[in-house]
Amino acid sequence: MTAAGTTRAERRRNTEQRILAAARELFAERGFERTTIRAVASAAQVDPALVMQYFGSKQELFSQAVRISVAGAEDRPRTGGPEALTDSLLASLGMKIGGLPEASLAMLRSMLTHPEAAEAARTALDHQITELAAAISAGHGGDDRAEDARLHAALAVATMVGVTIGHQLLGIDDLRRASPEEIAAALRPALHALVTGAE
């Protein structure tokens, strides 16, 4: 223990967390390509060599910083009938456009230019699609339309991702001006049609 009451291991953990917090913020703001180790070190108030000592590479730093999946804690279990599923999707979207965690923003901002971010996003979204497709199938009495259910689930998830990106990353004026309630009201019929399998 030092005079300040912290061990070397605790100081190391604190420094790692400070570096990761700075990295999340910069990856969320700039994406993978435009974030440098030097910028992360400066934001964390450490030497760039220390960032490399702790994480080895920018790739590993990114991996650790965005370990929270794109799915994130804001997504809810997909259960219930069509109305409940629609409500769950819209509630999840409301949380997303209210503000995503920096790790999720970093992943979204980087996924079109960085292979690991793209793969992590695909994995997380595929998990959401699988859960939603299972709930859609269950709502139809577990009939044999698994492929239709997966397509409808993928379209619902892609719609939500598109709105989230348009609102959070691109700052599309019309989306920014609309309240979450207005967005939900406009999207409800389309999402409801997807989860009911309406033709």
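These are my notebook entries on a predicted model of a protein chain.

**Entry 1: overall make-up**

I began with the secondary structure. I counted ten helices and zero strands in the protein chain. Reading along the sequence, I wrote the pattern down as α-α-α-α-α-α-α-α-α-α. The protein chain has 199 residues, and 42% of them count as buried. I also looked up how far apart in sequence the contacting residues are. Among contacts between residues at least 6 apart, 69% join residues at least 24 apart.

**Entry 2: helices α2 and α3**

How do the axes of α2 and α3 cross? Helix α2 covers residues 37-44 and helix α3 covers residues 48-55. Their axes come within 8 Å and cross at roughly 105 degrees. An angle of 65 to 115 degrees counts as roughly perpendicular, so I noted α2 and α3 as roughly perpendicular to each other. I then listed the residues that make the contact. From α2 they are Ile37, Arg38 and Ala41, and from α3 they are Pro48, Val51 and Met52. Sorted by type, the residues of this contact give five nonpolar, no polar and one charged.

**Entry 3: the nonpolar cores**

I looked up the largest nonpolar core and found 30 residues in it. The residues with the most contacts inside this core are Ile19, Phe27, Val40, Val51, Phe55 and Leu61. Which helices each supply at least two residues of this core? My list reads α1 (8-34), α2, α3, α4 (58-65), α6 (102-110) and α7. The largest share, eight residues, comes from α1.

Val51 had come up in the contact of α2 with α3, and I found Val51 again among the residues with the most contacts inside the core.

A second, separate core has 25 residues, and I noted Leu132, Ala156, Val163 and Leu187 among them.

**Entry 4: salt bridges**

I turned to charged side chains. Side chains of opposite charge can pair when their charged atoms come close. How many salt bridges does a search of the whole structure find? It finds six. I wrote up some of them.

Arg30 and Glu29 meet through their side chains in a salt bridge, at 3.9 Å from N to O. I looked up the accessibility of both residues. Arg30 has 30% relative accessibility and counts as partly exposed. Glu29 is also partly exposed, with a relative accessible area of 48%.

Arg122 and Glu119 form another salt bridge, at 3.0 Å from N to O. Both are in helix α7 (residues 115-139); they are three residues apart, which means a separation of about one helical turn. Glu119 counts as partly exposed at 41% relative accessibility.

Asp126 forms a salt bridge with Arg150, and the closest N and O atoms are 2.9 Å apart. Which parts of the chain does this pair link? Asp126 is in helix α7 and Arg150 is in helix α8 (residues 146-169), so the pair links distant parts of the chain, 24 residues apart. Asp126 counts as partly exposed at 40% relative accessibility. Arg150 is partly exposed too, with a relative accessible area of 33%.

Definitions and conventions. Residues are numbered from 1 along each chain as its sequence is written. This is a predicted model: local features need pLDDT of at least 70, side-chain atom pairs count only at pLDDT 80 or more; totals for chains, interfaces and linings use all residues. Side-chain values use heavy atoms; hydrogens and water are left out. Axes are lines fitted to C-alpha atoms, for helices over the stretch in contact, and angles run from 0 to 180 degrees between N-to-C directions. Helices (H or I, at least four residues) and strands (E, at least two) are DSSP runs, numbered from the N terminus. Angles under 35 degrees count as roughly parallel, over 145 as roughly antiparallel, 65 to 115 as roughly perpendicular and the rest as oblique. Contact means heavy atoms within 4.5 Å. Ala, Val, Leu, Ile, Met, Phe, Trp, Tyr, Cys and Pro count as nonpolar, Asp, Glu, Lys and Arg as charged, and the others, Gly among them, as polar. A salt bridge is a side-chain nitrogen of Lys or Arg within 4 Å of a carboxyl oxygen of Asp or Glu. Buried means under 20% relative accessible area, exposed over 50%, partly exposed in between (1.4 Å probe, protein chains only). A nonpolar core is a set of buried Ala, Val, Leu, Ile, Met, Phe, Trp, Tyr and Cys residues joined through side-chain atoms within 4.5 Å.
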